[in-house]
Amino acid sequence: MDKKQLIALFAEHPGVFFSGEKISAELGVSRTAVWKHIQSLKEDGYVFESSSRKGYRLVSQPERLDETLLLAQLQTRELGHPLLVLEETSSTQDAAREWAERGAPHGALVVADAQTAGRGRMGRSWHSPAGKGIYMSLVLRPDIPMQHTPQMTLLAAVALCRTFRREASVDASIKWPNDILINGRKVSGILMESSAEDERLSYIIAGFGISVNLQKEDYPDHLHDVATSLFIESGQPIQREDLIASFLQEYEKWFSVYMAEGFAPILSLWEALSSTLGRVITAYTPKGPQKGTALRLHESGALTIRTENGQEMNVFSGDIREENKTLTEKTM
Ligand code: BTN
């Protein structure tokens with residue numbers, strides 16, 4: 001038996017309870033196998049009502065991204081064209097990278113309803129339950145020098161933050177370098193992976209994970225204190241297709257400003273949306289932890305801090321912890 005047979009059994013009998021015994025007889029598998037499949041379907045976003053007397057009843061299936069609706073909402077010239085919508089993939093980063101290697105143009109977008117091995121920065125994983133979040137990767141081929149690649153991430157963070165504020169009326173802010181927080185909890189993260197040839201940038205895969213309609217029970221325990229969703233914060237479910245279209249439009253707009261005027265206007269926007277500047281932070285750099293006050297964003301994308309001995313230094317990579325908070329960085 002596979003999960004599809006089990007779903008078919010429930011789908012053919014809407015509203016009907018099936019005992020573990022009945023399912024195991026119908027599908028010719030052990031009751032333990034039935035239980036395991038039910039657990040795995042729950043992780044995939046299927047909701048069951050279970051009763052010790054009557055067994056299981058399928059209450060709802062995960063929402064599927066509607067490609068036609070998404071295409072109808074898209075008002076961009078380049079970003080999101082062409083579009084690949086997948087039901088499930090290991091990571092949209094890998095799907096987009098393979099596509100880029102086969103020649104996908106600037107703007108090509110891969111979106112998945114679920115990821116089985118979604119990844120974040122610094123070797124972390126990205127919690128990607130089906131139908132609840134946005135998991136997408138854009139192929140970007142900007143004509144910029146390699147060393148300006150981090151600016152693309154900061155630009156993306158500005159576009160995401162502005163989109164959340166507008167579409168969900170939430171007080172979203174940016175935590176350096178590219179986390180979007182609401183009320184101190186992470187709602188979205190960006191992963192940029194680039195590829196170069198002869199020291200020239202050939203493409204960037206810009207990955208976005210957005211917790212849209214997740215509810216508290218959709219998170220594993222270790223994320224409860226550090227993660228949140230637009231739904232939890234705004235009290236309203238949000239149509240994912242709308243949000244994707246709106247974000248791509250915002251990103252395309254600031255991307256053209258960047259190409260025409262350079263990084264200065266983006267830097268000002270980033271600083272205005274930042275929750276990091278002015279705070280005492282600890283930066284976990286490859287050379288060890290460094291405490292200081294976050295002063296400004298450097299145009300290289302680095303965070304300029306004043307250390308406890310009064311010196312200014314730029315932090316180029318790693319993570320930071322904003323002081324006066326109980327939050328710690330954990331896998332999300
Ligand atoms: C982070 O905050 O560490 C970055 C998270 C990026 C997650 C997204 S989800 C879509 C894309 N595919 C992945 O495997 N990761 C990115």
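Okay, let's start at the ligand: strand 8 gives four residues to the shell around it, the largest share. Before I go on, this is a predicted model, where local features need pLDDT of at least 70, side-chain atom pairs count only at pLDDT 80 or more, and totals for chains, interfaces and linings use all residues. Residues are numbered from 1 along each chain as its sequence is written, and side-chain values use heavy atoms, with hydrogens and water left out.

Helices and strands here are DSSP runs numbered from the N terminus (H or I, at least four residues, for helices; E, at least two, for strands).

Back to the ligand. There are 19 residues around it, and Ser91, Gln115, Arg119, Arg121 and Lys186 come nearest; being near means having a heavy atom within 4 Å. By class, that shell splits into six nonpolar, nine polar and four charged residues. For those classes, Ala, Val, Leu, Ile, Met, Phe, Trp, Tyr, Cys and Pro are nonpolar, Asp, Glu, Lys and Arg are charged, and the others, Gly among them, are polar.

Now the polar contacts, meaning pairs of N or O atoms within 3.5 Å. Lysine 186 puts a polar side-chain atom 2.6 Å from a ligand oxygen. Arginine 121 uses a backbone N or O atom, again 2.6 Å from an oxygen of the ligand. Threonine 92 has a polar side-chain atom 3.1 Å from a ligand nitrogen. And how much of the ligand does the protein cover? It's 99% of the 420 Å² of accessible area that the ligand has on its own, by Shrake-Rupley with a 1.4 Å probe. The elements giving two or more residues to the shell are helix 5 (92-101), strand 5 (133-140), strand 8 (185-197) and strand 9 (200-211).

Next, some backbone things to check. Histidine 81 and proline 82 are joined by a cis peptide bond, omega about -5°, and proline 82 sits in the loop between helix 4 (67-73) and strand 3 (83-89). Tryptophan 176 to proline 177 is cis too, with omega near -5°; that proline 177 is in the loop between strand 6 (172-175) and strand 7 (179-182).

Then phi. Methionine 122 isn't a glycine, yet its phi is positive, about 50°, and it's found in the loop between strand 4 (109-115) and strand 5. Serine 169 also has a positive phi, near 50°, in the loop between helix 6 (149-168) and strand 6.

How values were computed
Polar contact = N/O pair within 3.5 Å; in protein donor to acceptor, adjacent residues only side chain to side chain.
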